[in-house]
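Thanks for coming. I have one structure to go through this morning, and I will keep to what can be computed from its atoms or read from its record.

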Amino acid sequence: MPLGERGGWERSESRYCGVETDFSDDVPSLLSFNISTGGFDYVLAPLMNPSYRPSLMEGKGSETQVLPVSGSDLVLAPSQWSSHVVGKVSSWIDLDSEDEVLRMDSETTLKQEIAWATHLSLQACLLPTPKGTSCANYARCVNQILQGLTTLQLWLRVPLVKSDGDSTNATSEGLTDSWELWNSFRLLCEHDSKLSVALDVMSTLPSETSLGRWMGESVRAAIISTDSFLTNARGYPCLSKRHQKLVAGFFDHAAQVVVSGKPIHNLPKASDSKTEGTQRHPLRSYLDYVAYLFQKMEPLPEQERIELGYRDFLQAPLQPLMDNLEAQTYETFERDSTKYIQYQRAVAKALVDRVPDEKASELTTVLMVVGAGRGPLVRASLQAAEETNRKLKVYAVEKNPNAVVTLHNLVKLEGWEGIVTIISCDMRFWNASEKADILVSELLGSFGDNELSPECLDGAQRFLKPDGISIPSSYTSFIQPVTATKLYNDVKAHKDLAHFETPYVVKLHSVAKLAPSQSVFTFTHPNFSTKANNQRYKKLHFNLPSDGGSALVHGFAGYFDSVLYKDVHLGIEPTTATPNMFSWFPIFFPLRKPVEVHPDSPLEVHFWRCCGSSKVWYEWSVSSPTPTPMHNTNGRSYWVGL
């Protein structure tokens with residue numbers, strides 16, 4: 001039965017817990033014992049008798065031989081095979097062995113077992129850990145298999161190890177960083193989305209930074225051995241604080257826990273009469289502890305639940321100049337009360353600076369909202385005026401004729417006719433009858449300038465007084481390198497160049513942030529310079545933390561931070577993000593070919609903001625440690641129309 005049904009986690013794949021079992025030729029009993037009695041959701045079970053070797057069958061009338069599988073497909077209903085069994089490929093196989101007989105046996109067995117798993121309609125199969133440092137032939141064979149699969153997922157078993165220079169937690173094969181093993185295997189398999197990883201969690205864990213890398217990888221399962229558990233004061237199994245934090249991270253990233261091994265805790269005998277006479281599963285106390293950890297997870301906040309469907313979902317950025325927004329889009333943005341509270345604070349401070357108290361009753365401030373939409377900034381500005389006892393005259397400039405209808409109704413409804421004038425026009429082409437003291441706009445995109453705020457405000461500032469105030473007064477974009485396997489695979493699925501040269505708005509979730517973000521482009525308003533130019537170029541160097549190990553960079557997460565007025569700011573850059581604000585998800589710039597980066601070699605990145613007569617676009621590339629092609633040259637795949 002699932003680990004829990006609460007707090008927004010009830011739809012997560014991580015609510016299922018499996019148990020690793022030995023080979024059994026009586027699968028119904030295996031399921032009955034582990035699922036009905038034990039309470040686990042599925043078994044991770046070998047499909048083939050471990051003593052089977054194809055070479056031993058040769059010459060023994062092989063055409064009449066039956067494969068020693070765990071039983072006929074008829075012993076379970078198809079839905080039971082699919083829901084309650086994850087196949088486990090024979091652990092003895094070694095496709096990179098020097099021994100040719102073993103190598104050939106391994107290849108034959110692997111293909112036979114996957115074919116049988118496909119026949120049973122299993123959802124997933126666990127592949128054994130590669131035996132040595134080289135896994136090229138194993139990966140070649142798996143890649144061949146992957147080409148023919150439609151629904152079956154393959155999980156590569158990888159031990160979770162990363163030694164810090166010494167050999168204490170390296171494996172017997174001399175493996176010092178298992179991420180390197182996974183990375184080479186997945187690259188040899190062409191980054192196939194049907195290949196995931198199942199991590200063997202050991203009793204000692206690598207550094208936090210090293211573990212963080214896995215949150216951007218396609219981890220489907222965490223296999224926790226019973227000897228990784230500690231013992232609590234009552235004699236029951238428990239996990240260390242670091243293990244608990246890791247398991248919570250896996251739950252949050254839809255990875256499932258699988259309990260493995262023999263019971264090593266001598267539990268107190270239950271005196272409850274209800275349990276007498278019934279056999280208790282020897283691993284039940286481990287499952288109960290995993291369920292306890294799952295149920296201890298903080299419930300998801302309401303906004304997070306609303307946004308669950310947007311996690312790691314790629315969306316094309318808005319084109320607010322070329323396209324008119326729809327009512328539903330306005331509705332979403334207008335619900336973000338935090339944003340408008342910040343704008344109201346900024347306008348209030350600007351009004352107080354503009355008009356001293358003694359002149360508050362006689363001076364009227366002219367405020368223009370450029371890109372007024374359906375009026376939330378008009379409302380915020382009028383509330384700021386009321387709060388500060390300042391007189392205000394408002395011009396609401398909006399190019400979308402549909403939003404203008406709503407604006408007229410709002411003005412009538414609120415009785416603002418004597419204060420608010422509605423202008424149905426593109427701000428860049430309007431000729432104002434008077435100049436403004438304050439210019440207010442909300443033209444920022446996820447990357448700050450990516451919805452053409454600089455171009456719009458440069459066009460609108462001609463009707464701002466020389467000492468006038470722009471809200472926002474400045475904004476800066478930021479990027480940071482990320483591992484984002486899911487996002488990369490989703491872009492790759494389009495099988496064309498254009499999608500790799502398009503930045504996407506995305507609620508980042510299954511992403512590993514590999515280094516702190518750095519600033520890219522800054523724009524300041526008003527900008528009365530005669531040499532004003534909105535083209536930009538920036539070269540950035542990122543260094544990975546030395547204790548984290550190598551990582552694969554799939555692209556860059558982009559953010560912005562803006563100064564609305566003086567100390568009032570608004571932004572989504574992770575270290576300074578405005579709390580409880582949801583109008584903007586980050587932006588993601590993909591790389592056509594992911595770049596492997598080591599802690600001792602910096603990542604050198606180049607970003608350009610290019611301007612043409614009718615469009616603005618970004619170009620980006622990596623020059624070190626390995627050069628990538630230039631992305632989006634001349635805006636061939638993505639641009640924002642002027």
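First, the ground rules. This is a predicted model, so local features need pLDDT of at least 70 and side-chain atom pairs count only at pLDDT 80 or more, while totals for chains, interfaces and linings use all residues. Residues are numbered from 1 along each chain as its sequence is written, and side-chain values use heavy atoms, with hydrogens and water left out.

Now the chain as a whole. Its C-alpha atoms fill a box of roughly 100 × 60 × 45 Å along the principal axes. There are 17 helices and 26 strands; these are DSSP runs numbered from the N terminus, H or I of at least four residues for helices and E of at least two for strands. Of the 642 residues, 55% count as buried. Buried here means under 20% relative accessible area, exposed means over 50%, and partly exposed is in between, with a 1.4 Å probe and protein chains only. Taking contacts (heavy atoms within 4.5 Å) between residues at least 6 apart in sequence, 78% join residues at least 24 apart.

Next, helix α5, residues 136-148. Its 13 residues should span 18 Å at 1.5 Å a residue, and the end C-alpha atoms are 19 Å apart, which agrees. The expected span is 1.5 Å times one less than the number of residues. Buried residues in α5 include Y138, C141, V142, I145 and L146. What do the buried residues of α5 pack against? They pack against α4 (100-119), β4 (124-127), β5 (153-159), α6 (178-188) and β6 (195-201).

On to cavities. A cavity is a set of points on a 1 Å grid over the protein atoms alone where a 1.4 Å probe fits but cannot get out, and lining residues have an atom within 4 Å of a point. Grid points are joined across faces, edges and corners, and the volume is the space filled by probe spheres set on the points. The count is 1 cavity of 30 Å³ or more. The largest cavity has a volume of about 40 Å³, and its lining includes V27, L30, A45, P46 and W81.

Then the charges. Side chains of opposite charge can pair when their charged atoms come close. A salt bridge here is a side-chain nitrogen of Lys or Arg within 4 Å of a carboxyl oxygen of Asp or Glu, and the structure holds 34 of them. One of them joins E20 and K88, N to O at 2.7 Å. E20 is in strand β1 (residues 17-20) and K88 in strand β3 (residues 85-88), so this pair ties together parts 68 residues apart in sequence. Both residues, E20 and K88, are buried.

K393 and E434 also meet in a salt bridge, at 2.6 Å, N to O. K393 sits in strand β12 (residues 391-398) and E434 in the loop between β13 (420-424) and β14 (436-441), 41 residues apart. K393 is partly exposed at 30% relative accessible area, and E434 is partly exposed at 26%.

R428 pairs with D426, the closest N and O atoms being 2.9 Å apart; R428 and D426 are buried. Shared partners also join D252, E304, E307, R311 and K507 into one salt-bridge network.

Last, the record. An unreviewed UniProt entry places "domain: PRMT5 arginine-N-methyltransferase" at residues 303-471. UniProt positions are in the numbering used here, feature names are shortened, and annotations may be inferred rather than shown by experiment. That span, 303-471, is 38% helix and 20% strand, with end C-alpha atoms 27 Å apart.

Methods. 1 Å grid on protein atoms, 1.4 Å probe; cavity = no way out; pocket = protein on both sides within 12 Å on 5 of 7 lines; lining within 4 Å.
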